[in-house]
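Please look over the sequence and the structure below, then read on.

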Amino acid sequence: MHHTRATVLSAAAAVLLLAGCGSSASTSTPAASSPAAAQSSTAASTPLTATTAFTGIAKTVTTARLTGTVTAANDSNHLLGRPNQYTSKITFADSRITKADTSGFSKGDVELGGAIEVFSDPADATARAKYIQAVTKSMPALTEYDYVHGSTVVRVSRFLTPKQAGEYETAAGKLP
């Protein structure tokens, strides 16, 4: 009885933890980052933030719309600016996701479109993507697509088809 109760409590804790993560889990392996792309002259002049990453991605994925900027005051994860965590984060919606699929979700939830998290180095970005995947691996209702490009993690809703989500991966590959 105690073993079953501990399992249920562990599963509930994982769900609550992910709700703070902007919901969701991962279904894809993080994309490898390109060292050549990381050496862009644009990167040297303007530091990459989640907002600038979104601006670049939205030029390719025109169905994406910025819905929020995460700050220290509204970060439900309490990770912004913490050691080894993201230095900036935004959330976005994708108009290809139907309202029927997303009823019950709140503005900023990954299910509505996604999120972009930028880290101070690629190792931290990779660790974050692996963490999300590990925590949600056994919870299909929380799956998402996660793409790592350099120090950026692009998290994309499970309600998009693999081809649609792949557009975000392709666009992220063009980031500095």
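In what order do the 5 strands of the open sheet lie? The order is 1-2-3-5-4, with antiparallel pairing; two strands pair if DSSP finds at least two bridges between them. This is a predicted model: local features need pLDDT of at least 70, side-chain atom pairs count only at pLDDT 80 or more, and totals for chains, interfaces and linings use all residues. Residues are numbered from 1 along each chain as its sequence is written, and side-chain values use heavy atoms, with hydrogens and water left out.

**Overall make-up**
- The protein has 7 helices and 5 strands, which are DSSP runs numbered from the N terminus (helices: H or I, at least four residues; strands: E, at least two).
- Of its 176 residues, 44% count as buried, meaning under 20% relative accessible area with a 1.4 Å probe, protein chains only.

- Strand 1 (64-70) and strand 4 (144-149) are the edge strands, and each pairs on one side only.
- Strand 3 (residues 113-118) pairs with strand 5 in the antiparallel sense over 5 bridges.
- Helix 6 (residues 122-136) packs on the sheet and touches strand 3, strand 4 and strand 5; a contact means heavy atoms within 4.5 Å.

**Valine 156**
- Valine 156 lies in strand 5 (residues 152-157) and counts as buried because its relative accessibility is 0%.
- Glycine 114 has valine 156 as its bridge partner in strand 5.
- The two residues, valine 156 and glycine 114, are 42 residues apart in sequence and 4.3 Å apart in space, C-alpha to C-alpha.
- Leaving aside neighbours within four places in sequence, valine 156 is in contact with residues including Val110, Tyr145 and Tyr168.

Conventions
Buried < 20%, exposed > 50% of the residue type's maximum accessible area, 1.4 Å probe, protein only. Axes fitted to C-alpha atoms, helices over the stretch in contact; angles between N-to-C directions.
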